[in-house]
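User: I have a protein model open and want to learn how to read it. Can we take it one feature at a time?

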Amino acid sequence: MYCGSQLVTDWTHRSGPYCGTAPHTFIPVRTTSPERPTSSMRTTSPEMKAMLYTANEEAPALDSVEEDVRKRHFANFDENFYHYCDQELKKINTFYSEKLAEATRKYAALITQLRTTLESQQKSKSKGHSHKPINLPYRKAQELKLAFSEFYLSLILLQNYQNLNHTGFRKILKKHDKILASDNGAKYQKEHVEMSHFFINKDIDKLINDTETTVTTQLEGGDRQRAMKRLRVPPLGEQQSPWTTFKVGLFSGSFVVLFVAVILSAVFHDSATGENLKIAFRLYRGPLLLIEFIFLIGVNIYGWRSSGVNHVLIFELDPRNHLSEQHLMEMAAIFGVVWTLSLLSFLYSTSLSIPPYINPLLMTAIMIAFLINPLRVFRYEARFWLLKTIGRMMAAPFFHVGFADFWLADQLNSLVTALLDFQFLTCFYVTNGNWLEAGNTRQCMEESYVIRPFVNCLPAWFRFAQCLRRYRDSREAFPHLVNAGKYATTFCVVIFATLRSAYASKYEDSSENVFLWLWLFSSIVSSCYAYTWDIKMDWGLFDKNAGENTFLREEIVYSMPFFYYFAIVEDLLLRFVWIVSYALTENKLISGDLMTSIVAPLEVFRRFVWNFFRLENEHLNNCGKFRAVRDISIAPIDSNDQVIILKMMDEEDGVINRYTKHNRPKPKKIKDDRRPLLPAFKSAHEVIPPDATNVKQPTEVI
């Protein structure tokens, strides 16, 4: 987000031909989230801290040399240190000036377009001799409101950049004075940083005020409250509502207490209805997996946000209105309370004089009604976003695939057990007319050789179709067709597992069943394929240029390398946990239902861990090439502009999917000419050469 000259790297890395300097104004519809500064480059703060600590450690001991020697040591260090500060300050000033000039041009173009629209409406009104107030056409008004809203967000980003870099300099110079017992840092702060253009210039504040005034008076009819609601941007480090925090704690505690009550009630339940309890567990297992999934996604969001992984940009969420981790945890806790109350109602249905099997159906209906409720209540925007994403996912390969589409399909691959349980629930209520007893459910489970395998293959099919669509859009066989092959192995696993079960009665010894061996072989291939893809492609680990991050990659976001090594081992174990499951169930040591109930939550947990490193890799390296934003034009494009656009789209840095397979250029190997931001401080008498910090783009000091 705020990464020096990339204020926004992600903001200016767009799929369209213009980056805000076109003949007509183009405003970014999706930008980075203003919640937390992140950077895909190494920031200067760690380097400067390393300089300070190294200089202090290498300083001659006071009891072994004269004080003048120590002073010369620190004087030489300060010369190098402040030279580096000058370089960074210069780059920050340059970048700030460029972005401010760009924002000024954008504002002027927006005002011109607004005036032109109002004048055209004035002329049409004057011809009709109407004395009614001038109202913009609805569609044009919405376009202008959206353009001003996103322009306002870019101004807030630039203002945050200004404040954050000032804070960064203040902190590092304060640390300088503390470590070296000096006041030179405070003097540099006062004489250089606070006199810099990026700090003393207040044009950005004027632009923000002018934008607020224009939107209020011209587009919202003088209603400032409505205007600010449209323009509002969450402040950095926005705190959650205490009421939300209270609800999370209340419902989480209630769920824990009720869950213990469920366990005790099930243990001491009447053994005569044991079969009913077994069927009920299948009916309740799917919703419980979804509740676990929602809660863990909340933990994912907390981890991404606290580590600076910009999930808001990656998922193309609305920076002003999206669910936080507490909202998801609250939702999971509420559904958890509903789940436990429903199960308790089932267990005590005789005492309550209600049909027992009405309880799981009612609970599932509540969850579905919450999701598809058309009223603008209960997180309407988030639910609508999810339904749209589900629709695009299910319609693959007929729609363009975004990051959220493929990510959701991947989550669904870890929720196959929940899907199968919902299939069982549907079949149970369709075929069983008696809601007092379970009856025979074999046609919904063991003897379902068509519908259950079909449901089992659906998540893999969604991802398979998405990979084909991405290949069609990009014409890149690797990685898209290779990734499609990974999901194709799932089809083989399901088919051979179904055939093995269907023909099991024909073999006295299960080892003679040829489909067993085909299933084992396809399962091993699928697990190895998927694990390799997880580690190398999705997480980007085992990079040969990892340096000190052995077996990982050159740049990592999360603070402890232990997390990465744990994830590598954990993913390996859970990818192959089916071997343990097969051995235990085949030897009758544990029932298949119980084994599924153990493995399914572990698979949801594996996906939870996977999410951390998949989003991190996308954030750092844009490995899926999803990070792009759309631009909208608020002015019509004439023929001359169209020629320019088509020409720019065919340039190397234009839109790549405009090429065909015949004229597509071969990818060029780009030499990585990045240099360290700062060479190691080896000696107090060694001077850093002037070009040592001559990086191409300015970086931020925090």
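User: Start with packing. What angle do the axes of helix H14 and helix H17 make where they cross?

Analyst: Two packed helices are described by the angle between their axes and the distance between the axes. In this predicted model, the axes of H14 (residues 358–372) and H17 (residues 416–431) cross at roughly 125° and come within 12 Å. That angle makes H14 oblique to H17. The crossing is left-handed.

User: Which residues make the contact?

Analyst: From H14, they are Pro360, Leu361 and Thr364. From H17, they are Phe422, Leu425 and Tyr429.

User: Next, cysteines. How many disulfides does the structure hold?

Analyst: One. Look for two cysteine sulfurs within 2.5 Å. Cys427 and Cys444 qualify, with S to S at 2.0 Å. The angle about the S-S bond is -75°, and the link is left-handed.

User: Where do the two partners sit in the chain?

Analyst: Cys427 is in helix H17. Cys444 is in the loop between H17 and helix H18 (451–474). They are 17 residues apart, and the pair links distant parts of the chain.

User: Are those two cysteines buried or exposed?

Analyst: Buried means under 20% relative accessible area. Cys427 has 17%, so it counts as buried. Cys444 has 1%, so it is buried too.

User: Now the backbone. Where are cis peptide bonds found?

Analyst: Read omega. Pro397 lies in the loop between helix H15 (380–394) and helix H16 (403–413). Another cis bond runs from Phe478 to Pro479, with omega near 15°. Pro479 is in helix H19 (residues 477–502).

User: And phi? Which residues other than glycine have a positive value?

Analyst: Phe542 is one of them, with phi about 55°. Its place is the loop between helix H20 (514–538) and helix H21 (561–575). Lys588 is another, with phi near 60°. Find Lys588 in the loop between helix H22 (577–586) and helix H23 (592–621).

User: How accessible are Phe542 and Lys588?

Analyst: Phe542 is partly exposed, with a relative accessible area of 37%. Lys588 is exposed, at 73%.

Conventions. Residues are numbered from 1 along each chain as its sequence is written. This is a predicted model: local features need pLDDT of at least 70, side-chain atom pairs count only at pLDDT 80 or more; totals for chains, interfaces and linings use all residues. Side-chain values use heavy atoms; hydrogens and water are left out. Axes are lines fitted to C-alpha atoms, for helices over the stretch in contact, and angles run from 0 to 180 degrees between N-to-C directions. Helices (H or I, at least four residues) and strands (E, at least two) are DSSP runs, numbered from the N terminus. Angles under 35 degrees count as roughly parallel, over 145 as roughly antiparallel, 65 to 115 as roughly perpendicular and the rest as oblique. A crossing is left-handed if the near helix is turned anticlockwise from the far one by less than a right angle, and right-handed if clockwise. Contact means heavy atoms within 4.5 Å. Buried means under 20% relative accessible area, exposed over 50%, partly exposed in between (1.4 Å probe, protein chains only).
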